[in-house]
Amino acid sequence: MAKDVTILINNAGSSTGASLLEGDLDQIHLEMNTHFFGTLSTIRAFAPKIANNGGGSILNILSALSWVSAGTAGAYTAAKAAEWALTNDLRLNLYSQNVRVAGLHVGYMETDMTSGLQVPKSNPVDIAKIAIDGIESGSFEIIADDVSRNIQSELANGVAALYPQIS
């Protein structure tokens with residue numbers, strides 16, 4: 001394994017579309033294994049190397065759906081929320097080792113996973129630049145687009161702001 005690592009970018013991706021109530025449990029496990037356990041395993045393998053090299057950065061590619069659910073694809077949303085919690089915890093635990101852990105929140109980005117969606121999407125090249133700029137500036141939370149910025153601004157307003165259809 002590489003010994004000179006100072007940056008790690010976790011960009012695991014799976015989206016089974018599984019519902020938490022009715023979806024296949026194997027598909028729900030796949031989402032958690034990809035987004036939560038895959039990210040955790042990778043960080044556990046590389047964080048000591050980054051720390052031994054004097055420090056560096058870990059960036060977890062999250063989603064605006066780590067903060068809010070659309071009511072569909074609950075397994076993906078739950079897995080991304082768990083990955084955000086993992087990011088927050090490891091940020092605190094690795095900071096003293098000079099390892100900065102950041103999360104990148106992005107809405108829709110042009111990828112294979114979103115190819116069938118007819119919504120405005122960010123260009124991956126633009127998001128990559130935003131991510132690198134965020135790492136270089138020492139940001140802990142990198143908000144990549146208006147979708148993520150709007151959702152983040154509503155978090156403090158509670159359930160009524162996030163889910164007006166049920167309030």
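**Aromatic rings in a predicted model**

Trainee: Does Trp 84 count as buried, partly exposed or exposed, and at what relative accessibility?

Mentor: This is a predicted model, and the value is computed from it. Buried means under 20% relative accessible area and exposed means over 50%. Trp 84 has 24% relative accessibility, so Trp 84 counts as partly exposed.

Trainee: How many aromatic pairs does a search of the whole structure find?

Mentor: A pair of aromatic rings is described by the distance of the centres and the angle of the planes. Searching the whole structure gives this number of aromatic pairs: three.

Trainee: What kind of pair do Trp 67 and Trp 84 form?

Mentor: Planes over 60 degrees apart count as edge-to-face. The ring centres of Trp 67 and Trp 84 are 5.9 Å apart and the planes stand at 80 degrees, so the pair is edge-to-face.

Trainee: Where in the chain do Trp 67 and Trp 84 lie, and how many residues apart are they?

Mentor: Trp 67 is in the loop between strand E2 (56-61) and helix H2 (74-94), while Trp 84 is in helix H2. The pair links distant parts of the chain, and the separation is 17 residues.

Trainee: Is Trp 67 buried or exposed?

Mentor: The cut-off for buried is under 20% relative accessible area. Trp 67 has 9% relative accessibility, so Trp 67 counts as buried.

Trainee: Which residue lies over the face of Phe 140?

Mentor: Here a charge sits over a ring, with CZ of Arg within 6 Å of the ring centre. At 4.2 Å from the ring centre of Phe 140, the residue over the face is Arg 100.

Technical notes: Residues numbered from 1 in each chain as written. Predicted model: local features only at pLDDT ≥ 70, side-chain atom pairs only at ≥ 80, totals over all residues. Heavy atoms only, no water. Phe/Tyr/Trp six-rings, centres within 6.5 Å; stacked < 30°, edge-to-face > 60°. Helix = DSSP H or I, 4+ residues; strand = E, 2+ residues; numbered from the N terminus. Buried < 20%, exposed > 50% of the residue type's maximum accessible area, 1.4 Å probe, protein only. Lys NZ or Arg CZ within 6 Å of the ring centre and 35° of its normal.
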